[in-house]
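The plan is to look things up one at a time and jot down what I find.

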Amino acid sequence: MKKILDERLIYEILSVVEEIPRGKVATYGQIARLIGKEKNARLVGRVLSMAEYYGSYPCHRVVNHAGRLVPGWHDQRLLLLEEGAVFKDNGDVDLKACQWDE
């Protein structure tokens with residue numbers, strides 16, 4: 001059985017995250033699609049939860065499909081605000097205004 005999560009895949013995901021410009025966000029599904037694994041959004045989230053072990057990446061720029069932030073990661077909102085991201089009244093990132101047009 002082939003192991004899905006290998007170093008090459010981890011760095012492929014992180015290299016896409018590295019390309020997200022300041023003030024923009026991408027979704028887990030968008031990143032999964034960009035690496036050719038469109039059904040693996042959760043895998044992207046898993047890799048990002050371990051990203052600190054691989055270097056410094058702007059993981060705060062990745063949100064779910066509705067623009068929701070990572071639960072319990074309070075600095076994510078602050079980092080996005082500092083970069084000029086726009087939020088809706090419900091606290092989600094406004095994807096229409098901020099989604100990365102890769």
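What percentage of the residues in the chain is buried? I looked it up: buried residues make up 39% of the 102 residues. A reminder to myself before going on: this is a predicted model.

**Entry: the overall layout**

I counted the elements next, and the chain has 5 helices and 2 strands. Reading from the N terminus, I get the order α-β-α-α-β-α-α.

Then I checked the size. The C-alpha atoms fill a box of roughly 45 × 25 × 25 Å along the principal axes. I also looked up the radius of gyration, which is 13 Å; a compact globule with 102 residues would have a value near 13 Å, so the two agree.

How much of the contact list joins residues 24 or more positions apart? Taking the contacts with a separation of 6 or more, I find that such pairs account for 60%.

**Entry: surface and charge**

The chain exposes about 6,400 Å². Carbon and sulfur atoms supply 49% of that area. For the charges, I noted 15 positive and 15 negative side chains. The centres of these two sets lie 6 Å apart.

**Entry: the cores**

How many residues does the largest nonpolar core have? It has 21, and those with the most contacts inside it are I13, L14, V17, I20, I31 and L48. The largest share comes from α1, with 6 residues.

Skipping its neighbours within four places in sequence, I found I13 in contact with I31, I35, V44, V47 and L48. Apart from this core lies another one, of 8 residues, including V63, A85, V93 and C98.

**Entry: R22**

Where does R22 lie? I found R22 in the loop between α1 and β1 (26-27). Is R22 buried or exposed? The cut-off for exposed is over 50%, and R22 has 58% relative accessibility, so R22 counts as exposed.

Leaving out residues within four places in sequence, R22 is in contact with R61, E82 and E83. I checked the pair R22 and R61 separately: they are 39 residues apart along the chain, and their C-alpha atoms are separated by 8.0 Å.

**Entry: E102**

E102 sits in the segment after α5 (95-98). With 41% relative accessibility, E102 counts as partly exposed. Which residues does E102 contact, its neighbours within four places in sequence aside? I noted Q30, R33 and L34. I also took the distance back to R22: E102 and R22 are 80 residues apart along the chain, with 13 Å between their C-alpha atoms.

**Entry: W73**

W73 is in the loop between β2 (62-63) and α4 (74-82). Its relative accessibility is 32%, so I put W73 down as partly exposed. Not counting residues up to four places away in sequence, W73 touches C59, H60 and L79. From W73 to H60 it is 13 residues in sequence and 9.0 Å in space, C-alpha to C-alpha.

**Entry: G36**

Why does G36 count as exposed? I looked up its relative accessibility, which is 51%, and the cut-off is over 50%. How far apart in space are G36 and V86? I got 29 Å, C-alpha to C-alpha, for two residues that are 50 apart in sequence.

Methods: Residues are numbered from 1 along each chain as its sequence is written. This is a predicted model: local features need pLDDT of at least 70, side-chain atom pairs count only at pLDDT 80 or more; totals for chains, interfaces and linings use all residues. Side-chain values use heavy atoms; hydrogens and water are left out. A nonpolar core is a set of buried Ala, Val, Leu, Ile, Met, Phe, Trp, Tyr and Cys residues joined through side-chain atoms within 4.5 Å. Buried means under 20% relative accessible area, exposed over 50%, partly exposed in between (1.4 Å probe, protein chains only). Helices (H or I, at least four residues) and strands (E, at least two) are DSSP runs, numbered from the N terminus. Contact means heavy atoms within 4.5 Å. The radius of gyration is taken over C-alpha atoms; the globule rule is 2.2 Å times the number of residues to the power 0.38. Accessible areas come from the Shrake-Rupley method with a 1.4 Å probe; for residues, only the protein chains shown count as cover. Lys and Arg count as positive and Asp and Glu as negative; His and the chain ends are not counted. The place of a charge is taken as NZ of Lys, CZ of Arg, CG of Asp or CD of Glu.
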